[in-house]
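Here is a short tour for a first look. Keep the sequence and the model side by side as you read.

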Amino acid sequence: MRIAMIGGGYVGLVSGACFAEFGSDVAIVETDPAKLSALRAGEIPIYEPGLDAVVAQNIEGGRLSFGDDIAAAIHDADAVFIAVGTPTRRGDGHADLTYVYEATRQIARAARSGLLVVTKSTVPVGTGREVARILAEERPELSFSVASNPEFLREGSAIQDFLRPDRVIIGIDRRGPDGGERAERVMRELYRPLYLIETPVVMTGLETAELTKYAANAFLAMKVTFINEMADLCEKLGADVHDVARGMGLDQRIGRRFLHPGPGFGGSCFPKDTRALTAIAQDAGAPTRLIETTVAINEARKEAMAERIIAPLGGSAAGKVVGVLGLTFKPETDDMREASSLPIIARLVREGAVVRVFDPQGMQAARALLPAEVVYVEDALAAAEGADILVVLTEWNVFRAIAPERLRAAMRGRAIADLRNIWNPEAMREAGFEYQSIGRP
Ligand code: UDX
């Protein structure tokens, strides 16, 4: 199979490289010249464990290439995937589809008859149908197939998630020329290596596939938000949220994963997709009130987290030194999008704190997003240096290994706000800290 992947961002790059790993010939189209030349030189613009090796292997094997010309990439392709960005549109929470529709028009202009066009980006319900309409409008003399193939990979474990997914969702436009038969055949062929590991494939319609992606992300965001609320309740009642999560999660109808409390969900997907789903649902006249509430609770949580840090400082952060461990929205990524650290640190700076931060991968991206007053240091101990309080915002493994005595010696105060529960409360109290974590007695 030959495929073109429009967009060399997170989803495009990982999916493209992994389809090549599955044995297809993949041409990735990236129009940002700086990104393109980096990719061609084998440099990966994002931090994602294992991605560099998969990219290098497949470039060397001649199955993966990069370019900026859509026409050349789709020239003899069996399918073209659209994996461009769909940011939140200003004002109304909807996803901005400018890039998706622009890519569609460019594909149409260069296409030959029979081409299969697949949306890989997370797109609102109805986008696939609109893609089909644009293709027909641009090239009425040709026939196209359209499919939706949402991607469920997580940052930090993207390669494993793509190569060994829980399931594959394929939505086919049955109104296409042959009832979608060819589209289904091509899609099944692309994912053929997964049949060996018996990955379930949900073959369905366009709108259903599009909605499934939103439903999955919204449900997971709700699950995280649920355990965050339980954690707050545990604190009031003297219960332990980890045992509650385990006790609940062992019920197979609930499941153990995604029940880890923290400072609120962030990242490139959950915040954007929950907002988009509520906007879609409102427009459709069937508002998703659970998700609307999830979004509101998660926003409020970030403010509440800042309060937790300020309280042990005597209620005022002015002139206090706050050491911060971790900035990214989760570990094993350099992604700062919608990270809880952003509003929390902005608030601390506004209230006059001196904020010293360290993150293993996120500091470069953070510089563009955090207030200019923030001090960036080279390791965790340097962040703790002279701090009145030390705050854990991302659960990087390197932080777990630090000896508490060394932190204690570096700090001026004794307060710790461990907002990811990476340390043992007893051990930290024995080491002389005034230690608070989330939802534990
Ligand atoms: C998510 C989905 O998991 C993935 O399927 C989809 O394709 C894209 O969005 P990602 O954003 O990479 O992936 O990260 P994920 O691991 O899902 O975490 C999202 C946020 O929830 C992070 O801020 C994380 O810290 C938080 N989270 C997750 C928790 O606070 N507790 C948990 O138990 C799990």
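Is the crossing of H5 and H6 left-handed or right-handed? The crossing of H5 and H6 is right-handed. Note that this is a predicted model.

## Helices H5 and H6

Helix H5 spans residues 98-110 and helix H6 spans residues 127-138. Their axes lie 9 Å apart, and the packing angle is about 35 degrees. On the H5 side, the contact is made by Val100, Tyr101, Thr104, Arg105, Ala108 and Arg109. H6 brings Thr127, Val131, Ile134, Leu135 and Glu138. Sorted by type, the residues of this contact between H5 and H6 are six nonpolar, two polar and three charged.

## Helices H9 and H12

A second pair is formed by H9 (residues 206-237) and H12 (residues 289-310). Their axes come within 10 Å and cross at roughly 50 degrees. H9 and H12 are therefore oblique to each other. Their crossing is left-handed.

Which residues of H9 meet H12? They are Ala218, Ala221, Met222, Thr225, Asn228 and Glu229. Facing them in H12 are Leu290, Ile291, Thr294, Ile297, Asn298 and Arg301. The residues of the contact of H9 with H12 comprise six nonpolar, four polar and two charged.

## Annotated binding site

An unreviewed UniProt entry carries the annotation "binding site" for Lys35, Thr86, Thr122, Glu155, Lys272 and Arg337. These positions spread over 303 residues of sequence. They are spread in space too, up to 23.7 Å between C-alpha atoms.

Take Thr122, in the loop between strand S5 (116-119) and H6. Is Thr122 buried or exposed? Thr122 is buried, because 22 other C-beta atoms lie within 10 Å. Leaving out residues up to four places away in sequence, Thr122 touches Thr86, Pro150, Lys213, Cys269 and Asp273.

Lys35 is found in helix H2. Lys35 has 17 C-beta neighbours inside 10 Å, so Lys35 counts as partly exposed. Residues up to four places away in sequence aside, Lys35 touches Gly8, Glu30 and Pro45.

Leu36 also lies in helix H2, which covers residues 33-40. Leu36 counts as partly exposed, because 18 C-beta neighbours lie inside 10 Å. Beyond its neighbours within four places in sequence, Leu36 is in contact with Glu30, Phe66 and Asp68. Leu36 and Ser157 are 121 residues apart in sequence, and their C-alpha atoms are 23 Å apart in space.

## C-terminal domain

The unreviewed UniProt entry places "domain: UDP-glucose/GDP-mannose dehydrogenase C-terminal" at residues 323-425. Over residues 323-425, the chain is 31% helix and 17% strand. The end C-alpha atoms of this stretch are 19 Å apart.

Conventions: Residues are numbered from 1 along each chain as its sequence is written. This is a predicted model: local features need pLDDT of at least 70, side-chain atom pairs count only at pLDDT 80 or more; totals for chains, interfaces and linings use all residues. UniProt positions are given in the numbering used here, feature names are shortened, and annotations may be inferred rather than shown by experiment. Helices (H or I, at least four residues) and strands (E, at least two) are DSSP runs, numbered from the N terminus. Axes are lines fitted to C-alpha atoms, for helices over the stretch in contact, and angles run from 0 to 180 degrees between N-to-C directions. Angles under 35 degrees count as roughly parallel, over 145 as roughly antiparallel, 65 to 115 as roughly perpendicular and the rest as oblique. A crossing is left-handed if the near helix is turned anticlockwise from the far one by less than a right angle, and right-handed if clockwise. Two residues are in contact if their C-beta atoms, placed from the backbone, lie within 7 Å. Ala, Val, Leu, Ile, Met, Phe, Trp, Tyr, Cys and Pro count as nonpolar, Asp, Glu, Lys and Arg as charged, and the others, Gly among them, as polar. A residue is buried if 20 or more other C-beta atoms lie within 10 Å of its own, exposed if 12 or fewer, and partly exposed in between; C-beta atoms are placed from the backbone.
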